[in-house]
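Okay, thanks for coming, everyone. Let me put the chain up on the screen and then walk you through a few spots.

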Amino acid sequence: MDLVGRRHALSAVAEMLAAGSGALVAEGPAGIGKSLLLQEAAGLARARGMTVAYARATELDRVAPLSTLLRALARLGTPTPAKPHDPIDHPPAEPPGRTGHPAHRGPAGHHDPADQHGPLGGRDGSAPGEHDGGVVGGRGGAVPGVRGGGVPAGFPAVERAGAMIGRAALTRPVVVVLDDAQWADELTCLALRHLVPELAGSPVVWLLGRRPFPAQTAVDALLAEGARRVTLPPLDPGEAAAFCARLLGAEPGPSVLELARAGGGNPFLLAEVLNGLRAQGRISVTRGIAEVAGSELPAGFGAAVGRRLRDLPAEARRLLEAGAVLRRPFTVHEAAGLLGAPPGALLAHVEAAVRAGALVGDGDRLTFRHDLIREAVYDGLPAAVRAALHREAAAVLRREGRPAAELAEHLRHGARAGDVAAIRELRAAAEDMTAVAPSAAADLMLRALELAAPAAPGTPAADERPGLAARVVRLLASAGRLAEAREVADARDVTIGPAEAAEVALGLAEALKHAGDDRGVIRRTARALALPGVPVRERARLLAVRAHALVMSGPFDAADRAADAAVASGEAFAQVVGLQARSAVALFRGDPEGALRHAARAVALADAAGGEAAHRHPRLWLGAALAALDRFEEAEETYAVVERESGRLGTAWSSPLLHRFRAGLLLAAGRVDEAAAEAETGLRVARRLSAPALTPVLLGVLGQVALLRGDLQAARAYVDRARDLTGDVPTLGPGLRPGLGPGLGPGLVPAELHWRRLLLDAATPLTYPRPAPGPTDPIPPTGPFTEDGTPARRQRAQAWAGALAYLVVLEPWEAARLRAVPGVREFVRDLARRNPGIRSFTASAAHVEGRLEEAIELYRAGPRPLGLAAALEEAGRHAEAREVYQRCGISRIPSPAEGMVPGGGGREGPDGVRPEGQGGGQPERPDNDRREGRGDGGSGPASAMAGADVSAPRASGWAALTPAELRVVRLVAQGMTNREVATALFLSRHTVDSHLRHAFAKLGVHRRVELTRHVLTHEHPD
């Protein structure tokens, strides 16, 4: 096949390689030319001196975590000895040029893109697929840190793979080529979601090929984030004619052109049909014109393949059927076992299949020349024959000692209902891969449940049912397949006892919590706890998870009761989770000391128990309590421990929450740029992990950063987008929000966002359009803290008070902007009274009461410079305020608040008196830089509307780099990787990524080499 009609695609590939970084996705149906395009791209990359890491996914990769990427990355590391239990023990498929039976290899008329190699290429300069090693767990290199047996240790293995690519890219540009990405395993997909954007500033090019189906959400996400899509269309009539002419060596006549038209412009299918006709002697060339002899034309590709293979001996066709069922490159020995024949008896049939163009050599194995041929053979098998062959394949591969995951795939397709051995093997295989491939594990466990469900009570198969439904729900939920999890959880065709019903509810509740559906958690746990006979362990865990959901929904009394019961159970997991909930309740009630006690106890229990309890990372809540107590250095050290532990344990779920807590701590400490970087990173990580629960609060942090920078338009856009995501209807009136059950308030997240919107309204100049007050005004006449009336109203009041307490903990100076809201002054005074040792609370109380000189001194002695700047500004000491803001990375003083609430008045003191120290005239304006509705700072809201990163930075050029960005840029220019920079600066690696993104945008560069030139120009001009 030649690259006829692919000039545009080749041009796009060449542009991507010339740019030296980025991602390109070649899309199209099977046979359209994606593989040939990627092979040509590999050749072009090597000609440029780039290192190429190449792999092609197979259908069985789905049960081999990270196998697709590791086969490619084996080119970048030192080959290691074989590992005995790799789920997929085969090399990547060869590019054309060295095909055929191992004993009969030779050129096939195609360009071999492997003529050149570099120091990181194969040991013998071989092409992708031709090396004698390179297969993790099979015959070659592995990413360090991958557990024995070829099973990666989850997310840490992804990060190690990224480090390997980053190190290789320091030597020379790297091109990662992944063909047939639609079959890539889910850990490879996770790696793509993380590594493509993470390595965007490095000389790394990603070239992916995929069919439109099955859908691949990871690749879709990359395209949504800016990867270039190149769609390979069918050949048009002129291109199809040119293709036929090249293939046949003659101009196509009318009959050939009709055949080309019927082929739909698919070059591989067209080539197969024409080659089959030529092999039958039905192509004749007269006076340079090729015609098809005879009137009977192939009906389609399947028919064409059938015609090509019908002349093979029956034993050779059986060989092809066995290979099609194995669904990967296979050995003669494996095929012989499946067919019940001696291996030696198949050699002649192997030769016949190779001569017929159906099979090619692949190292010491055989593979179909194109996956379409394999699919045609497989689809041609009657369903009963396919199932029988899959059962036989499982038996043969079991004797061969193949991994359980591969056997399970065959059992999934071939086992009969009630097959106890198959149920057990499917279950065991699913358990083995749960941590790294939950979606594939869920499919296996679902099949086990299907095989066990129809069994009559008392039969061996029925005895296998207990626990299956719960495991299926947990796996589906952890894979993000919530709709299927709910369906299994609510199924009535499988009878389960109270213990398993509680496990089902617990698994689904944890997934709903991860998705941010706290009310769903409350409903599910209530239903399960009402069942008679729920065991103590399951009851305790349900109460703990329920307590967390109740915390976030606002009824703190109910949350405390549930958490107390969970802690009293003595079960380690329930105790840790329950204590986390108690710590959160204490914090939201304005009791940081209590929050610290509960979190410290949770940490001690988790460290002692390990396992599931340690995976809950109670240090996150310990850090939050320390931050509330103004113990910022201890909080930062605590979060660093969480980051290390998360990497060691592979608990990627904790990353968005860690970024949220860190962003709040950095903002409180006045490290505004770093706070924005943490929040942006949290959004990216949450999006890649499909964990939307924290997106609204992270957007709220970015809104506060934009407000501090004076960008009111962006701040409003962030906060409004966050409120949209919560489905928020801002009402505290007599009625409840639609869809809420009795007694459930607006929830802490919507309440926090309401407060942030009020802060925006307080800072909005009168010239800026304001929403007219109406029935949805979030502040009722009696104030948000009124706890008289109905229980629902009391619980909503708790949510509002809790959200304000948390805001005051993070940003105590903001309470002064809300002093006109009924009850705020009293609330802040009470916080300070109950926490006399927390300087930030006492400073906030002085600030809100207008005792500005006292507030200034208290803030000055504390760790929160933004509070000091706000009090200085309000006292009319604008030059001092400006200096403090600049130290915080804010180049201008934010707009002074014209009013405290929508339609509110000025900044009067508690008795309508202007605060002490506040001048009577207009405040000074720094350099006339105040603009109506939008300052010169901040970040645009457009990308935030999609939940993406903050957009364009405030300015461009070297002078626009912030101190935090400069620190990162200087180390990158010294040749450090992002991970090394993060270690050197005691930052999160993701924070380093965000700083680099901003620096690249400000300097208008795309590669680290260009960044280094800027550093040399500006800091080492000589």
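Predicted model: local features only at pLDDT ≥ 70, side-chain atom pairs only at ≥ 80, totals over all residues.

Residues are numbered from 1 along each chain as its sequence is written, and side-chain values use heavy atoms, with hydrogens and water left out.

So, the overview. We have 45 helices and 10 strands; those are DSSP runs, H or I of at least four residues for helices and E of at least two for strands, numbered from the N terminus. Of the 1022 residues, 61% count as buried, and buried here is under 20% relative accessible area with a 1.4 Å probe, protein chains only. If you take contacts with a separation of 6 or more, 69% of them join residues 24 or more positions apart; contact means heavy atoms within 4.5 Å.

Now have a look at helix 5, residues 186-198. How many of its 13 residues are buried? It's 11 of the 13, so this helix is largely enclosed by the rest of the structure. Among the buried ones are R193, H194 and E198.

Next, helix 16, residues 404-414, which is mostly covered, with 8 of its 11 residues buried. What do those buried residues pack against? Helix 11, helix 15, helix 17 and helix 18.

Helix 18 is where you'll find P438. P438 has 15% relative accessibility, so it counts as buried. Skipping neighbours within four places in sequence, P438 touches E186, M433, L475, S478 and A479. Its C-alpha atom is 9.9 Å from that of V472, which sits 34 residues away along the chain.

Last stop, helix 44 (residues 989-1003) and helix 45 (residues 1008-1019). They pack at about 70 degrees, with their axes 11 Å apart; the axes are lines fitted to C-alpha atoms over the stretch in contact, and angles run from 0 to 180 degrees between N-to-C directions. That makes helix 44 roughly perpendicular to helix 45, a label used for 65 to 115 degrees. On the helix 44 side you've got L996, F1000 and L1003, and they meet R1008, L1011 and H1014 from helix 45.

That's my tour, so over to you.

Technical notes:
Buried < 20%, exposed > 50% of the residue type's maximum accessible area, 1.4 Å probe, protein only. Parallel < 35°, antiparallel > 145°, perpendicular 65-115°, else oblique.
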